[in-house]
Amino acid sequence: MVPDEILEVVERLNPLGFIENMYARKLSYKLETRKLKNEMESMRSQADLLKRKMGLEYDIRLEQIKQRRAEMELLFKQEENKLAQLTITREQVLRMAENAQNSALAEGISLEEREFFASMSYEYIRQVHAFGESSRQSLKNLLGAVERNESLLLTEGKQ
Amino acid sequence: MWWLIVGGLVAWGIAESEAEKKARKEFERTRTQHSNMMNAHRREIRHFASHKSKSFEFHKLRELHWESHKINQLARKTYLEGKKSYSGVCRLLDRAKRKRREFVSDLVIAKKQKDKGRVREIEENLCVINRHLRQLEDGRAKLADQKESFYNDMISLQQATTELKYQIRDNCGPGGEIWFDRIEARNESRRRSLG
């Protein structure tokens with residue numbers, strides 16, 4: 001038989017409650033550990049996903065830049081040809097103005113002829129100026145395209 | 001008999017205490033690992049994002065620089081053409097002035113000779129030449145304005161291109177610096193070859 005005093009002490013100490021607490025704590029630690037491990041796993045996969053997404057977005061943006069380069073090359077080629085044509089025409093018209101002036105300044109021509117060639121020469125010079133304005137328009141078009149491109153690129157850069 | 005029960009309880013208690021200690025250690029180790037991993041991932045993603053962003057910035061600015069450079073070349077050509085046209089009209093103006101001087105000296109001679117018919121003829125021609133000169137001066141002024149504005153366009157485009165070049169050097173990391181040095185070296189060798 002267990003003496004009453006010992007039973008009283010055992011009841012006071014409550015060893016089963018003590019063990020029960022330890023067991024509950026152990027379970028709680030194990031549960032928290034499992035939770036942390038799961039979180040780590042999901043963190044790893046989320047980080048991979050995020051990196052893949054960022055990489056994909058970067059590739060898409062680079063592809064857009066490449067496409068723009070191709071478009072701009074075409075536009076530059078067109079405007080370059082237009083400007084080259086304008087240059088040739090301008091030189092020709094300037095030569096025509098010189099020829100008209102040669103006639104206007106020649107000896108032994110009538111007053112009417114002199115007047116006619118002189119005004120013809122001036123008309124050619126006005127044409128030269130007009131060709132210059134066309135060149136300016138070509139440059140403006142290009143600049144507009146570049147600025148549009150720039151604002152698009154800047155918007156994308158901020159995304 | 002009760003000693004056995006007490007002994008059993010004590011042994012169970014010790015075993016549970018050991019298991020709890022082990023579980024706590026494992027939990028603490030995992031918590032540290034979790035925290036380290038979170039920081040490492042954050043750092044890694046921040047670094048990855050910054051690397052990608054810098055790389056995109058480099059490509060974007062390099063593209064803008066290329067476009068700016070191309071348009072600058074065309075602006076330069078246009079300016080040189082404008083300059084040529086302006087010189088052409090100046091040449092015409094010089095020739096017209098020379099002709100006027102000839103007419104004026106002819107007029108002096110005709111007046112001395114009192115050849116009224118010749119005087120009238122020269123005066124009429126002078127009238128035409130003076131009108132032609134005024135027209136040429138008007139044309140020259142217009143072409144001078146055009147040349148000036150082409151020059152200003154060229155200079156502002158040049159400045160924009162140069163600004164982009166320095167932006168690439170300063171904002172795009174080592175890639176930008178290498179690109180800048182290569183461009184500078186190419187420009188230098190071109191300058192040297194041009195003398």
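The model is predicted, so local features need pLDDT of at least 70 and side-chain atom pairs count only at pLDDT 80 or more, while totals for chains, interfaces and linings use all residues. Residues are numbered from 1 along each chain as its sequence is written, and chains are lettered from A and ligands numbered from 1 in the order in which they are written.

**Where the chains meet**

Let's start with the interface. Chain A puts 60 residues in contact with 58 residues of chain B, where contact means that the C-beta atoms of two residues, placed from the backbone, lie within 7 Å. On the chain A side, the elements that give two or more residues are α2 (15-104) and α3 (111-158). Helices here are DSSP runs of H or I with at least four residues, strands are E runs of at least two, and both are numbered from the N terminus. The largest share of that side, 38 residues, belongs to α2(A). Sorted by class, the chain A side holds 33 nonpolar, nine polar and 18 charged residues. For this sorting, Ala, Val, Leu, Ile, Met, Phe, Trp, Tyr, Cys and Pro are nonpolar, Asp, Glu, Lys and Arg are charged, and the others, Gly among them, are polar.

Now for the helices of chain B. Here are two packed pairs, with angles that run from 0 to 180 degrees between N-to-C directions, and axes that are lines fitted to C-alpha atoms, for helices over the stretch in contact.

| Helix pair | Angle | Axes |
|---|---|---|
| α1(B) (residues 2-112) and α2(B) (residues 116-171) | about 165° | 6 Å apart |
| α2(B) and α3(B) (residues 173-194) | roughly 140° | within 6 Å |

α1(B) and α2(B) are therefore roughly antiparallel, whereas α2(B) is oblique to α3(B). The cut-offs are under 35 degrees for roughly parallel, over 145 for roughly antiparallel, 65 to 115 for roughly perpendicular, and oblique for the rest. α1(B) passes α2(B) in a left-handed crossing, and α2(B) passes α3(B) in a left-handed crossing too. Left-handed means that the near helix is turned anticlockwise from the far one by less than a right angle, and right-handed means clockwise.

The contact of α1(B) with α2(B) divides into 30 nonpolar, 15 polar and 16 charged residues. In the other pair, K165(B), I168(B), R169(B) and N171(B) of α2(B) meet G176(B), E177(B), W179(B), F180(B) and I183(B) of α3(B). That contact has four nonpolar, two polar and three charged residues.

**The cores**

On to the inside. The largest nonpolar core has 35 residues, and those with the most contacts inside it are A97(A), V128(A), I71(B) and A75(B). A nonpolar core is a set of buried Ala, Val, Leu, Ile, Met, Phe, Trp, Tyr and Cys residues joined through C-beta atoms within 7 Å. The largest share, ten residues, comes from α3(A). Leaving aside neighbours within four places in sequence, A75(B) is in contact with L139(A), D153(B), M154(B) and L157(B). Another core, apart from the largest one, has five residues, among them L61(B), L64(B), L164(B) and C172(B).

**A few residues of chain B**

Burial is a matter of counting: a residue is buried if 20 or more other C-beta atoms, placed from the backbone, lie within 10 Å of its own, exposed if 12 or fewer, and partly exposed in between.

K114(B) sits in the loop between α1 and α2 of chain B. K114(B) has a positive phi of about 55° although it is not a glycine. Most residues other than glycine have a negative phi. With 8 C-beta neighbours inside 10 Å, K114(B) counts as exposed.

E18(B), in helix α1 of chain B, is exposed because it has 12 other C-beta atoms within 10 Å. The C-alpha atoms of E18(B) and F103(B), 85 residues apart along the chain, are separated by 125 Å.

I155(B), in helix α2 of chain B, is partly exposed, with 13 other C-beta atoms within 10 Å. I155(B) and N72(B) are 83 residues apart in sequence, and their C-alpha atoms are 8.6 Å apart in space.
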